[in-house]
Amino acid sequence: MSEIEKNINETELTKSQLAIWTGQQMAPDAPLYNTVYTFDIKNKLDVRVFRSAFQYLVKGTDILRTVFNTKNTIPYQIVLPNFNFNLELVDFTNGFNKSEYYKWVELRSQAKLNLAKCPFDSALIKVNENRFVWFLNIHHIITDAISTTLLHEKMFEYYSNLKNGDENNIDDLPSFEDYITFENKQSNDIQNHLKQEYWKVKIDKSYTLPKLYGNENKYLKTASERITLGLGLDRSKRIKELSKNMAVRSLTPRLTIFNLFATLLFTYVHRISNQNKITIGATAHNRVSQLFQKTPGLFIEIFPLLIKLEDQDTFLSVLQRTKMETSDYLRNGQPGMASADISRGFNVILNYMTSKFALIEDFPMTSEWIHAGHNDPAHHLRCHIYDFDSTGSLEIHLDFNTAVFDKELRYLAPKHFLCLIDAMLDDINQHITSASIITKEERNELLTGDVISTNSKASVIAQFESQLVENPEKIAIRFKNQKLTYSEINNKTNQLANYLAKQGVSKGDIVAIHLERSTNYITSVLAALKLGTTFVPISSEQPKERVQYILQDSNCKALISNTVILRKLESKKINLINLDDSAEDIENQTTTYISQASELDSIAYVIYTSGSTGKPKGVMISNASLANYINWSKGYYAHKDSYVFPLCTSIGFDLTITATFLPLVTGGELIIYTESSIGPDISILQVIEDNLVNSIKLTPSHLALIKDSDFSSSKLKLIIVGGEDFKSSLANSIQDSVGDDLKIFNEYGPTEATVGCIVSRYNSDLHIETSVPIGIPIKNMSAYVLDSYHNLVPKGVIGELYLSGTGLAKGYARNTKLSNERFLVNPFQQNAKMYRTGDLVRFNESDELEYLGRVDEQVKLNGFRIELSDIEANLNQHPNINNAAVVLMDSEKKAESKDIINCKECGLPSSYPNIDFDDNNVCHLCNSFKGYKEKTDKYFKTEEDLIQLLTSNKNDNRKYDCLTLLSGGKDSTYVLARLIDMGLNVLTFTLDNGYISDQAKANITRITEKLGVDHIYGATPHMNKIFVDSLHRHKNVCNGCFKTIYTLSTKVALENNIPFVVTGLSRGQFFETRLTEELFWDEDADGTTIDDTILEARKLYHQEEDAVKNHLDTSMFSLDSTFNKVQYVDFYRYSNVSLTEMLIFLKEKADWVRPTDTGRSTNCLINQAGIHVHKKERGYSNYSFPYSWDVRLGHKNRDEALEEINEHIDEDEVHRMLDEIGYKKSDLDNNKKQLIGFYTSKEIIPSVDLKLHLAKHLPEYMFPSKYKHLKEMPLTKNGKIDKIALRTLSDIQLESDVVYVAPTNEIEELVESIWKEVLQMDRIGIHDNFISLGGHSLAAIRVTARINDELQTNFALNKIFELPTIQEYAVYIESQLMELLQQ
Amino acid sequence: MNKIILDYISNELTNEQLEDPLESGDDLLGSGILDSMGMMKLILFIENEFEIKVPPEDMVIENFMTVGHIITYLENKTV
């Protein structure tokens, strides 16, 4: 710039300009916005005229005279009135050298353009007299594709005119200033508010950018490489043909092409990121008027297109959605609507350019768009499509950010994209995932594995026996004080084998081994193998039912066990070998035994693993598979000392196979740590304390337990970790504390592929990601990473892991269906199977497999696919967290299920918690009731008894003998009518809760008038609060209403000196509110003792802190005398009237009419709101239970009960009422899935800290909505985090500050099991509060009765309220028991 | 109606000054008289001018190929 004049307009930048300006500031030296073209002109050119024309072009085009500066950091632009640019002539005529030319172009196009001085560059290259190249490089901030075509055309117009001498005959190009004004007006125009709102909504802040091939641009590098993908005439033609298809075509031919490529790009990004929700940015040309179509300058803006793809999508279905999306995009993507927020929402760009360079007469030329080697770092991939020179062949440029796409990927990715183009052209109706996108070379590379069969012929038992020759007198096993040499252990094994053979066990049989970890366990396993049988290890702490199931399912011939363990088993059908009872017999056997040569193909062991059905499944592992793993590990893990392993993990877990065999086949030593009979198995702590072993195999959770141990003199040389995701932080911490001599290995392998089949050695320098990679397949095993169509996915992309090779199990024992589901035909290898692991993995840059979570742990929340392990890994990085787990709580499971069955006898639905049905579909409540029905009879009495009771202290001073509760319904009306019939003076009481139906009120008026009794309505202004509280506590309105009735009526009774309040509760309701099975357990219990207990419970009931206690006067209930002054009498305890009798009586005596205005059998309108909430929250009607009792007791028949329970609910009306009482419906809708984060740490970490920590690494939608501090992570028997246990914590437990602690002793376990049963919860910590868990008086009765029954004690009911935690109660029990013992 | 639309297209939307005056039978879409942004502008104009709403599923060639088609579409729409 030579001269800068004053008084020039300083103009604001448009939004697009501002975005580019900012981008350039972020990378000041990168030529990321250089827009470079070369025009190869094949004719003579007058250089002088050309240079002159260019000067005219600058003079006549304001954007070429625009420069940029800042004022107070705000950029502005000015258009200089005059500007001289001397077009350089570059002479290549002295021997044109192509490569030199290209080098020149490359260098020159990357030259930095100075926005403050001259944002463009141009030169003329003379190749020879008849060929010139015009080089034009303009900063994107002042130009775009159409702009360049305008400049190009204008340039030649000037040239021709100058050449012809018509200097002043040309119009200048229109000024960009007009657009600046227009754009500014648009973005501030209130009429565009809706459009801006559309984009605001479209930009989902929580959207994660897809990781293309699993990669990110962490350091915001700008370097990119452009790969040109010439589609060629044939493909271009096919695309044009396809675009004529009725189903395919859009409004305009170009829009059709755009939509087709958008579809391809969506699909491609989906395939290379495994992400379903994809956003791509698409450029809009924004030249929305004739004037703007002629104006050079930067017009384009980028707006996002967003689509969700599913595996079942076809190209056509994606296209249809794309069309809809595009139409919204066009409608809202108007000038000035873009924003910085919007442009952060995508990393893939689709740029379909329809502009073409004008054909210039006499100057045939080809244009080339030169890539300056850099792009906006946010754009990981840009896809440009154009046909600048109207060749009929579409050009595709793919700009790859080189940080995201390494050299290999830049070579492969275009091929992948082309595969998809071809797939769509072949058949637009095919699934988007059906075609493979990888190349033959990639396929070959991905399939290379050590699959050549080099199987050892030696079985594991043969290898053990070979140690007898090599190391007969070496110590093989230590157990407690016992030391056994190889020959000793062999002798013992042979004795056992001989004994078993005598018991009829022979080759091919299945032998279950149910023992603690002990020498006996090892000899049993070895004996089983020597006999050529299959062993089924069952750990000692397995629950009885599971053991029974395994014994039955495995079809085992014999069970090897001992006295202590056998005590808890019932099954006597199989051949029991009690090693305690038979010890002498076994020792009397000869110590020689010739092993049966078992075929490698035969099954060595069956291990039962948890199944998704709740029943364990038996995985059958052959001798060949076992040998393959052991042989490989022998060499792979070898260190200079022989192996000394502890046996310290569960024998029922295949991880333990390593320690069981590896030392014994290598002349090493096995130190056995038995499990304690109670509490969690934490032998591992002892192992570390003893410091006797040099090698150890365990889970990460176990490793976390010993993380802080003292390793200063540790002998550990080898740690093999398996079974769970292994976090690098844990590996690092162990490596640090043990030292460099320790080798840590991460071994991956499902039981179905024999112990471990993929392995990596931890390397603290290399393994800096959150988890240690699982590594590469072991010998004779292959791993495939596949998509849902079983296509191999490209390297880096997430897919599901499939395994194949020698280690593959023979399938599941007696479960062909499941075997066929999981063991599929291997499409990559003939006559082979592959096992579907359900694990998500990807290959990292070092070609190691990374574990990324379970397919079924990949949860979907609000449409997002979320890897729980991802969140866990990030939580684990928090400096104060020891271990973390994240689960998705799905309260929707409570929703009413469609396939509910109802008890054949009482109608109770299967959705009722903890209900069991027998084979005849009769519920366990009905069945157990049959056992104590007779005992309940003594509770019920006759009407004579009632008269006697109510008249027992008749007093003339009293106006009323009793107060009766009248709801206007049939039951209470009948009660009233009968009481009158008995000649009693009755005061009737009705709670007007605001929702009594008009007809019910009319009934009340008519009846009380007809019967001539006094009637009063009770009411409280706090009724709605009570309803809401009741809905929160009990998920119904009735509980709150009942309590209000009791409270108000007791007050009335006290004031009027009335000794009895008579209720109309049905017998079914007794069992809901007063009676429990436990009350009838005591043989000697008569009605009085039961009444005493109920009275106790009633006192407690009125002490509960709820809305009734907080809003009504309940002071009288704190006085025992109140309960003496006013007694409650349940009328139907004394009357066994049937429904028909009742209705006849009512018609005759009381003129009672069934209300029709509630639309239901009830007289209360809000009742149905309670039922609705209860159904939503608990999955069944709150009437199900009392009605089932009415049926059980013969007061209703099943059909009547079911009909009433299934009455229609008017949801609109319910919502209206819920609004009215102030119940937030969101509470109801909130019944959704949510993520819960659990962690262990020394102290509770504030949730906000955890949130801030996660915010650094994760999008917001992955944040757990709640965090729960645990003292210890619950572990499964196998030492993995017990996620089922975590998932079963209730909302209340999650909300409370109480730290979950599992029971620590037998008494706590007992109390816990009783609480769980009574409170119908799956998990209760020992510090959880009984009352907070919803334990009320009835539950107290049940819990106390059960504890008393179990321990033969006589604890008082109120103890549980005094000592409301399991821990406190257990301490009390212990002290009481001690006292008893001392007596 | 015909004239309003024809004028709007001719004066506001076309890429080039048309050689012949635009007629209601001229192909707007295939010939390149309008591109997709132009078409969308026309739709927004029509929506504003005639107080109707054109849902995405109506945005098909059959309804917008020529001004004649547009008129037919609008007539059916307002019936």
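The face of helix α3(A) turned away from its buried side carries the exposed residues A:Ser99, A:Glu100, A:Lys103 and A:Leu107. The model is predicted: local features need pLDDT of at least 70 and side-chain atom pairs pLDDT 80 or more, while totals for chains, interfaces and linings use all residues. Residues are numbered from 1 along each chain as its sequence is written, and chains are lettered from A and ligands numbered from 1 in the order in which they are written.

The buried residues of α3(A) are A:Val105, A:Arg108 and A:Ser109. They lie on the same side of the helix because they cover an arc of only 95 degrees around its axis, the arc being that of the directions from the helix axis to the C-beta atoms. These buried residues pack against β1 (34–41), β5 (120–128), β6 (131–139) and β11 (365–370) of chain A. Helices (H or I, at least four residues) and strands (E, at least two) are DSSP runs, numbered from the N terminus.

Chain A contains 49 helices and 43 strands. Of its 1383 residues, 48% are buried.

In the interface, 18 residues of chain A are in contact with 17 residues of chain B; contact requires C-beta atoms, placed from the backbone, within 7 Å. On the chain B side, α2 (36–50) and α3 (61–64) each give two or more residues, and α2(B) gives the most, with six.

Conventions:
Buried ≥ 20, exposed ≤ 12 C-beta atoms within 10 Å, placed from the backbone. Contact = placed C-beta atoms within 7 Å.
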